[in-house]
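Have a look at the picture first, then come back for the guided tour.

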Amino acid sequence: MKNLIAVIVVLLALLGYSSLFTVQEGERGIVIRFGKVAQDEQGRAIVYEPGLHFKLPLIERIIKLDARIKTLDGQADRFITSEKKDLIVDAFVKWRIEDFAKYYLSTGGGNQRQAEELLMRRINTGLRAEFGARTIRDIVSGERDELMEQALIQASESSNDLGIQVLDVRVKQINLPTEVSAAIYERMRAERNAVAREHRSEGREQAEIIRADVDARVTVMLADAEREARQIRGEGDAEAARIYAEVYNRDPEFFAFIRSLEAYRASFGSGDSVLVLSPDSDFFKYFNQMQVLEN
């Protein structure tokens, strides 16, 4: 009898222990009863908030689902614009579970990977429609915010049957395919080289114009300087002639004597000059007179 009571007590303890469960912060628990989501009297799924709760042992089991906001950052995908140009788009999604019962049923028992795959397909469908309605210029020039807003609306509408609330859709990066990027870069490089060649040609043309202008100015300046120099030399020669004439008129004999001395100095100054002249020549007029005075 005592053994039976002990067994009953142990069974009751096990049943009591198995009827208790806890839901952690950031989680929600849904009740599965006989393989189906349990509902309350109003027909709503029973969802437990964080805390300690009771369940019917052996009849009910609790599926705990992550209720926090999650980020879905998938692989970059290829989209086509309205002008039939390919773009490689990298986007991410912020989402959370809104209807836990619907989420559990639509994702194969709350499988998060399956939920994200389904959600990403619908997000890509919405983005594909938005990119397909715009050109590359529209996307790059400022319609990205509008594009993401429309994609968020479409994603929210298409994910209702998954029990998911889409909080945000963001495009991180938009790139051209590698083969297109290479072609564009080559075209840009060719255009820049053409512009550079044009600038260099214009620069050489301007340099020639400036060089010709400077050469013309130098030629004019040299001609003016030469003319002024000749004018000054002419004025100097005229002034010298005037001075010589004035001195000559004052004392012609003394002027002739001075000029003869200068001629003697120029002729005999080097010491090795040879002159073939008659001693009675006028060139030696004052020289002979000086010898007579010395004698």
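Let's start with the big picture: the secondary structure of this protein comes to 8 helices and 10 strands. Keep in mind that you're looking at a predicted model. The protein has 295 residues, and 23% of them are buried.

**The overall fold**

- Take the contacts between residues at least 6 apart in sequence: 64% of these join residues at least 24 apart.

**The nonpolar cores**

- The largest nonpolar core has 36 residues, and those with the most contacts inside it are Leu119, Leu127, Phe131, Ile164 and Val169.
- Which elements each supply at least two residues of this core? On the strand side, they are β2 (27-33), β6 (60-66), β9 (86-97) and β10 (164-175). On the helix side, they are α2 (100-106), α3 and α5 (144-158).
- The element that gives the most to this core is α3, with 7 residues.
- There's also a second, separate core, made of 6 residues, and Val23, Val31, Ala38 and Ile62 are among them.
- Back in the largest core, let's zoom in on isoleucine 164, one of the residues with the most contacts there. Leaving aside its neighbours within four places in sequence, isoleucine 164 is in contact with Trp95, Arg96, Glu98, Tyr103, Ala115, Leu119 and Ser159.

**Threonine 107, in a loop**

- You'll find threonine 107 in the loop between α2 and α3.
- Is threonine 107 buried or exposed? Its relative accessibility is 0%, so it counts as buried, the cut-off being under 20%.
- The side chain of threonine 107 reaches the backbone oxygen of tyrosine 103, at 2.5 Å.
- If you skip its neighbours within four places in sequence, threonine 107 is in contact with Gln114 and Ala115.

**Arginine 134, in another loop**

- Arginine 134 sits in the loop between α3 (112-132) and α4 (136-141).
- With a relative accessible area of 7%, arginine 134 falls under the 20% cut-off, and therefore it is buried.
- What does the side chain of arginine 134 make a polar contact with? Its partner is the side chain of glutamate 130, at 2.7 Å.

Terms used: Residues are numbered from 1 along each chain as its sequence is written. This is a predicted model: local features need pLDDT of at least 70, side-chain atom pairs count only at pLDDT 80 or more; totals for chains, interfaces and linings use all residues. Side-chain values use heavy atoms; hydrogens and water are left out. Helices (H or I, at least four residues) and strands (E, at least two) are DSSP runs, numbered from the N terminus. Buried means under 20% relative accessible area, exposed over 50%, partly exposed in between (1.4 Å probe, protein chains only). A polar contact is a pair of N or O atoms within 3.5 Å; within protein, one must be able to donate a hydrogen and the other to accept it, and residues adjacent in sequence count only if both atoms are side-chain atoms. A nonpolar core is a set of buried Ala, Val, Leu, Ile, Met, Phe, Trp, Tyr and Cys residues joined through side-chain atoms within 4.5 Å. Contact means heavy atoms within 4.5 Å.
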